[in-house]
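I opened this entry to keep track of what I looked up in one model. The notes follow the order in which I checked things.

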Amino acid sequence: MCLENCNKVLEDNLVAQCGRCGKCRSVCPVFKELRAEPYVARGKVQLYKALLNGTLEATERYRELISFCLLCGQCTENCPNGVETEKIVLRARNKLVDSRGLPFIKRNVFQHMLKNNGRLNRAAGMLYLFQRLGLRSLVRKTGLLPGPLKNMEQLLPAFAARPLRSQLPAVINPPGRVKIKVGYFTGCLSQYVFTETGKNVARILSRAGAQVLIPEQYCCGMPALTAGDRMNTAALARMNITAFQDAGVEVVITDCATCGSAWQNKYPELLGEELPFRAMDISQFLAQWGLPETFGLPQAPVPVTYHDPCHLARYMQVREEPRVLLRGISGVEFTEMREADRCCGASGSFQLEHQDVAARIGERKINSILATGARVVATGCPSCRLQLARLLQGIDADIAVVHPLDLVR
Ligand code: SF4
Ligand code: SF4
């Protein structure tokens with residue numbers, strides 16, 4: 001009873017903060033495209049209020065409206081009353097899951113795939129073969145796939161031949177004395193797609209004097225959390241914390257903004273306890289720890305720009321560190337883009353469900369990139385990286401999209 005009352009007070013406070021000033025309308029990327037009240041923070045607050053007091057029900061239409069949020073945090077950053085729309089949207093999605101359940105595919109993926117590395121490895125292996133054997137273009141030509149699956153297939157990244165963790169030892173020692181024991185949380189995209197980035201991260205950490213520990217680990221859980229599934233996210237959080245605690249790490253390092261934010265913000269919030277070690281993005285760690293000596297691009301100077309992932313810039317307050325890192329790499333001619341921290345429209349499953357809106361939001365980012373004349377865009381989020389690469393490819397722009405550490409020799 002007490003818990004119920006406390007939750008009610010918390011939820012009332014969350015929605016009561018909104019003064020309905022409408023300032024969020026000027027910054028929300030979704031509102032800019034769709035121009036209707038349910039798509040902006042103020043509308044989301046009212047939608048949640050209506051669900052709480054029973055004037056709206058958890059219908060499919062309601063679910064659809066709540067799905068139109070990138071969780072980018074731009075509204076919260078600019079809200080005079082500090083309304084945490086991201087929390088409100090996640091609570092609404094959680095209530096939807098409580099009353100309607102999850103769709104069949106999501107339920108099975110969150111419950112049975114994300115916690116089982118063997119199954120994930122097999123699925124990634126099959127997708128690699130599917131792409132490698134040319135089945136992808138065959139399927140595209142024949143138009144065999146129905147609408148939603150076709151959208152998913154188009155967004156599929158190129159899978160690596162082997163998962164990253166099967167290519168790296170569980171313990172990597174530095175060339176000299178061990179100065180610190182770090183745990184490398186590879187995240188699913190470095191594990192299955194950007195394996196070269198993962199190898200760079202491990203190499204640079206060990207060159208900086210760290211013993212790199214890579215224990216058996218699991219998805220960070222953010223795909224489940226953003227779909228409203230707190231239960232499976234909490235289970236994954238517990239499994240990951242235990243894995244790194246048992247390995248005896250002093251700090252967990254991430255190379256993905258979303259994973260980093262899961263560790264820094266969501267795990268303590270979900271479990272109601274502090275982490276037993278620090279968790280940091282690789283750029284944060286290197287800014288504090290010091291860069292290894294031999295940094296630099298092998299080629300002639302290259303103009304490079306940087307895109308701030310929402311989870312790094314707004315959730316983890318990591319803005320300066322990647323820029324310091326990039327400016328410190330010889331051969332990088334760093335140039336800022338306009339609105340570098342504006343969301344690129346990727347936001348995990350948002351781009352799956354709202355591909356057209358995500359692409360329209362991304363176009364503005366692409367224009368900012370093109371205006372810099374950069375030949376390389378660096379970003380610390382693999383999901384942004386995929387979105388930017390796809391959009392740049394779509395206009396035949398010869399601009400590479402990389403993780404900042406990929407530029408380190
Ligand atoms: S800016 Fe904040 S207070 Fe103003 S309408 Fe938006 S959410 Fe409400
Ligand atoms: S989190 Fe981003 S997309 Fe969602 S309402 Fe706020 S500004 Fe709009």
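How many nonpolar, polar and charged residues does the shell around ligand 1 have? I counted eight nonpolar, three polar and three charged. The classes I used are Ala, Val, Leu, Ile, Met, Phe, Trp, Tyr, Cys and Pro as nonpolar, Asp, Glu, Lys and Arg as charged, and the others, Gly among them, as polar.

Before going on I noted the conventions. This is a predicted model, in which local features need pLDDT of at least 70 and side-chain atom pairs count only at pLDDT 80 or more, while totals for chains, interfaces and linings use all residues. Residues are numbered from 1 along each chain as its sequence is written, and chains are lettered from A and ligands numbered from 1 in the order in which they are written.

**Entry: ligand 1.** I found 14 residues around ligand 1, and the closest are Cys-18, Cys-21, Cys-24, Arg-42 and Cys-79. A residue belongs to such a shell if its C-beta atom, placed from the backbone, lies within 6 Å of the molecule. H3 gives the largest share of the ligand 1 shell, three residues.

**Entry: ligand 2.** The shell of ligand 2 holds 16 residues, with Cys-28, Cys-69, Leu-70, Cys-72 and Cys-75 the closest. By class I noted eleven nonpolar, three polar and two charged residues. Four helices each supply at least two residues to this shell: H2 (29-34), H3 (41-53), H5 (74-78) and H6 (85-100). I also looked up Arg-35, which is in the loop between H2 and H3. Its C-alpha atom is 16 Å from that of Cys-21, 14 residues away along the chain.

**Entry: the whole chain.** I listed 21 helices and nine strands. Both are DSSP runs, helices being H or I with at least four residues and strands E with at least two, numbered from the N terminus. The C-alpha trace spans about 65 × 50 × 45 Å along its principal axes.

Of the 409 residues, 43% count as buried. Buried means 20 or more other C-beta atoms within 10 Å of the residue's own, exposed means 12 or fewer, and partly exposed lies in between, with C-beta atoms placed from the backbone. Among contacts with a separation of 6 or more, 79% join residues 24 or more positions apart. A contact requires C-beta atoms, placed from the backbone, within 7 Å.

**Entry: the core.** The largest nonpolar core has 109 residues, and Tyr-184, Leu-205 and Ile-253 touch the most other members. H6 gives the most to this core, six residues. Such a core is a set of buried Ala, Val, Leu, Ile, Met, Phe, Trp, Tyr and Cys residues joined through C-beta atoms within 7 Å. Leaving out residues up to four places away in sequence, I found that Ile-253 touches Val-182, Gly-183, Tyr-184, Phe-185, Leu-205, Met-280, Ile-282 and Phe-285.

Entry: The expected span is 1.5 Å times one less than the number of residues. Buried residues of H6 include Ile-88, Val-89, Leu-90, Leu-96 and Val-97, but also Glu-86, Arg-91 and Arg-93. Just after H6, Gly-101 has a positive phi of about 80°.

H21 (residues 382-394) has 13 residues and reaches 18 Å, close to the 18 Å expected. Its buried residues include Pro-382, Arg-385, Leu-388 and Leu-392.

**Entry: positive phi.** Most residues other than glycine have a negative phi, so I checked the exceptions. Asp-396 has a positive phi of about 55° although it is not a glycine. Asp-396 sits in the loop between H21 and strand E9 (400-402). Is Asp-396 buried or exposed? Asp-396 is exposed because 6 other C-beta atoms lie within 10 Å. Gln-317, not a glycine either, has a positive phi of about 55°. Gln-317 is in the loop between H17 (310-315) and H18 (320-327), and counts as exposed with 11 C-beta neighbours inside 10 Å.

Methods: Contact = placed C-beta atoms within 7 Å.
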